[in-house]
Amino acid sequence: MSTPSLAEPLAGEVAVVTGAGRGIGRAVAEAAAEAGATVVGIDLPGDDLDGLPGDLGIRARGVDIGDRGAVSAAFASIAAEVGPIGVLVNCAGVICENRPAEEVTEDDLDRLWRVNLKGTFFCAQAAVTNGMIERQHGHIVNFASQAALVALPHQGAYTASKGAVMSLTRSLAIDWAHHGITVNAIAPTFIWTPMSAPMLEIDEVRTASERRIPLGRLGRPRDVAGVAVFLASEAAAFITGQTIPVDGGWTAGEPGLAL
Ligand SMILES: NC(=O)c1ccc[n+]([C@@H]2O[C@H](COP(=O)([O-])OP(=O)(O)OC[C@H]3O[C@@H](n4cnc5c(N)ncnc54)[C@H](O)[C@@H]3O)[C@@H](O)[C@H]2O)c1
């Protein structure tokens, strides 16, 4: 492979970003396009995709990533129409209402498993079979969560699904390393997005989180997007199977302990 420039580290790559309609996925799609990739943004069929920035040339596809047949068909048509897939960023994810573990429902578990784990798995399978194995090269970035490293209270189903994404990341990295494919994950702390807003709009939750984060603020989608581009680029070619916290220091320690 030729060496991509540091200014456009994804030049020449076809990058698929799921969950691109809003939040972190939107920021990743924009950052990947700025980094030179031809970006296809996937989200549930609906209005959110209409706003994807056309000025960056981002194409949009409405796909439910929990539907394996729809994912296979979409990735095959992306490879045929846009080019072999070289980068996949699995941002799409869902959370459920806060409930103590004894009240978590079977529906919570099924819904989160379907999107956060199965959807991530299906997209990874479809990306490697629509470009990466053929090219013997590719980079996959999954979205775990800080919740997989330090539990988020009253989010047992979400925490478990994101722990599964971390395990899946290691497993795929080992299975596909001999194809020249890297698989890593990002574990963000609280990032302001439509997913987290209902929690962060509660003053006590927001201020407690800001106090708990050593860098003293919540994350922004852009804080995460740059890390996703790095992991999707040749700069990270020798990193695989890892989950990188992007958490302002939360998992490094407790800043409020006055010793
Ligand atoms: N925001 C945070 O604080 C935070 C923290 C840690 C991890 N994460 C993870 O980061 C990722 C992005 O989170 P966000 O905050 O931007 O969420 P968000 O809810 O703002 O955006 C998620 C996007 O995924 C899409 N999506 C959901 N189900 C889908 C499906 N079946 N098929 C296709 N698209 C689907 C949604 O329509 C939405 O556009 C998620 O995996 C989330 O779990 C977020």
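In which crossing, left-handed or right-handed, does H3 pass H4? In this predicted model, the crossing of H3 past H4 is right-handed. The axes of H3 and helix H4 (residues 156-176) come within 9 Å and cross at roughly 20°, and the two helices are therefore roughly parallel to each other. On the H3 side, the contact is made by Asp 108, Leu 109, Leu 112, Trp 113, Asn 116, Leu 117, Thr 120, Phe 121, Ala 124 and Val 128, while H4 contributes Ala 157, Tyr 158, Ser 161, Lys 162, Ala 164, Val 165, Leu 168, Leu 172 and Trp 176. Sorted by class, this contact of H3 with H4 comprises 14 nonpolar, three polar and two charged residues.

The strands are considered next. An open sheet is formed by seven strands, which follow one another in the order E3-E2-E1-E4-E5-E6-E7 with parallel pairing. Strand E3 (59-62) and strand E7 (243-246) stand at the edges, and each has a single partner strand, so one side of each is left without a neighbour in the sheet. On average, and with direction ignored, neighbouring strands of this sheet are turned by 20° against each other. Within the sheet, strand E4 (residues 85-90) and strand E5 (residues 138-143) run parallel and are joined by four bridges; Val 89, for example, has Val 141 in E5 as its bridge partner.

The surroundings of the ligand complete the description. The ligand is surrounded by 29 residues, of which the closest are Gly 19, Gly 23, Gly 93, Thr 193 and Met 195. Two or more residues of this shell are given by each of helix H1 (23-34) and helix H3 (106-135), and the largest share, three residues, comes from H1. By class, the shell around the ligand contains 13 nonpolar, 12 polar and four charged residues.

Methods:
Residues numbered from 1 in each chain as written. Predicted model: local features only at pLDDT ≥ 70, side-chain atom pairs only at ≥ 80, totals over all residues. Near = placed C-beta within 6 Å. Nonpolar A, V, L, I, M, F, W, Y, C, P; charged D, E, K, R; others polar. Pairing = 2+ DSSP bridges. Axes fitted to C-alpha atoms, helices over the stretch in contact; angles between N-to-C directions. Parallel < 35°, antiparallel > 145°, perpendicular 65-115°, else oblique. Left-handed = near helix turned anticlockwise from the far one by under 90°. Contact = placed C-beta atoms within 7 Å.
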